[in-house]
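My notes follow in the order I took them.

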Amino acid sequence: MTALSPQFSEDTLASARRTLQIEAQAVLDLRDRLDDAFVKVVRMLLDCRGRVVVSGIGKTGHIARKMAATFASTGTPAFFVHAAEAVHGDLGMITADDVLIAISHSGAGQELLTILPIARRMGAKLVALTGNPDSELARLADVHLDVSVAQEACPLNLAPTASTTAALALGDALAVACLQARGFGPADFARSHPGGALGRRLLTHVRDVMRRGDALPKVRQDTPIFEALEEMSAKRMGMAIVMDDAGRVAGIFTDGDLRRLLERQGDVRGLTVAAGMTRTPRTISPDALAVDAAAQMDAQRLNQMLVVDPSGELVGALHMHDLMAAKVV
């Protein structure tokens, strides 16, 4: 590999910093231009009885695709239509109940100019995102949002860079404004992302991963230590739940409790679990999120936690390994 010269490193970093500065400034300029037109578009999206259709071509087509995906995952039903495909049949995907968002920096994209009048005749609402408020695309739209930039980050001022960043940021701003207006919350977000880590963290409850029934290691307060160890080994939870005569939780006896008892007593052969158990074990509700249980266990340095219902009745137990297996930590 060729060694990097100091000048090459300096030039490369300078180029990167210039790009980031230009694109950051483009977004800040966009923020300062927001006005009632943005509010009108958000109202239009919230009132939409159909779907939000986002369209573009070239680099703005990629931005449009991402914008549609963000809308869809945050509570605003949406899909992407490629402008070139729309003029060859995909225009049939648009209905009178839809809102069409067309993205073109120049506002002169021929494919978009072809489909917008047809979509208007269908009855769809039209929103244009362009860098030219005087463009034909801007004039065709019900609402125009100005995404112009002072310059592209490309040193030739040709490749779409700052302009696509501005359009992407405005799309995010629209999606987030709609999200907040709808009261879209974590549970709604999880339903849109059930297959990934976010979904697991937001949809998995303690009851879904806890051990229950015969899988729980249980002993009585008068159980000899060595019998309790046999139960702990058989159930592989590193603890035994200590039950009283009424069948309620009296405490918990863990590997740590055993070590501390050995340090105090030395010989534990004649002792019962009552001599070393923890009488106020940590508990959690079966309706709690598993990720919250993991956070509590981590903060309190626990490997196990008992699961009890609102009346205090034992319904299960958690081990940190269960949470790891469920991939919530």
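**Entry 1: strand pairing.** I began with S1, residues 52–56, which pairs with S3 in the parallel sense over 4 bridges. This is a predicted model, so I read every value as computed from it. Next I checked the pairing of S3 with S4, residues 125–130. That pairing is parallel too, over 6 bridges. Here Ile101 has Val127 in S4 as its bridge partner. With helix H5, residues 110–122, the two strands make a right-handed β-α-β unit.

**Entry 2: S3 itself.** How many residues of S3 are buried? I counted 6 of 6 across residues 99–104, and the strand is mostly covered. In a regular strand, side chains alternate between the two faces of the sheet. I looked for that in S3. Val99, Ile101 and Ile103 point one way, while Leu100, Ala102 and Ser104 point the other way. All of them are buried.

Entry 3: Nonpolar side chains tend to be buried together in soluble globular proteins.

I went back to Ile101 and listed its contacts, leaving aside neighbours within four places in sequence. They include Leu45, Met67, Phe71, Val127 and Leu129. Val52, Val53, Val54 and Ser55 are also in contact with Ile101.

**Entry 4: the open sheet.** I moved to an open sheet of 3 strands, in the order S6-S7-S8, with mixed pairing. Its edge strands are S6 (218–220) and S8 (249–254), each pairing on one side only. Neighbouring strands of this sheet are turned by 35° against each other on average, direction ignored. S7, residues 239–243, runs antiparallel to S8, and 5 bridges join them. In that pairing, Ala240 stands opposite Phe253 in S8.

**Entry 5: cysteines.** I searched for disulfides and found 0. Cys48 is in none, and the nearest cysteine sulfur, that of Cys178, is 9.9 Å away. The cut-off for a disulfide is 2.5 Å between sulfur atoms. Is Cys48 buried or exposed? Cys48 counts as buried because its relative accessibility is 18%, and buried means under 20%. Cys154 is buried as well, with a relative accessible area of 14%.

Technical notes:
Residues numbered from 1 in each chain as written. Predicted model: local features only at pLDDT ≥ 70, side-chain atom pairs only at ≥ 80, totals over all residues. Heavy atoms only, no water. Buried < 20%, exposed > 50% of the residue type's maximum accessible area, 1.4 Å probe, protein only. Pairing = 2+ DSSP bridges. Right-handed = clockwise from strand over helix to strand, strands pointing away. Contact = heavy atoms within 4.5 Å. Axes fitted to C-alpha atoms, helices over the stretch in contact; angles between N-to-C directions.
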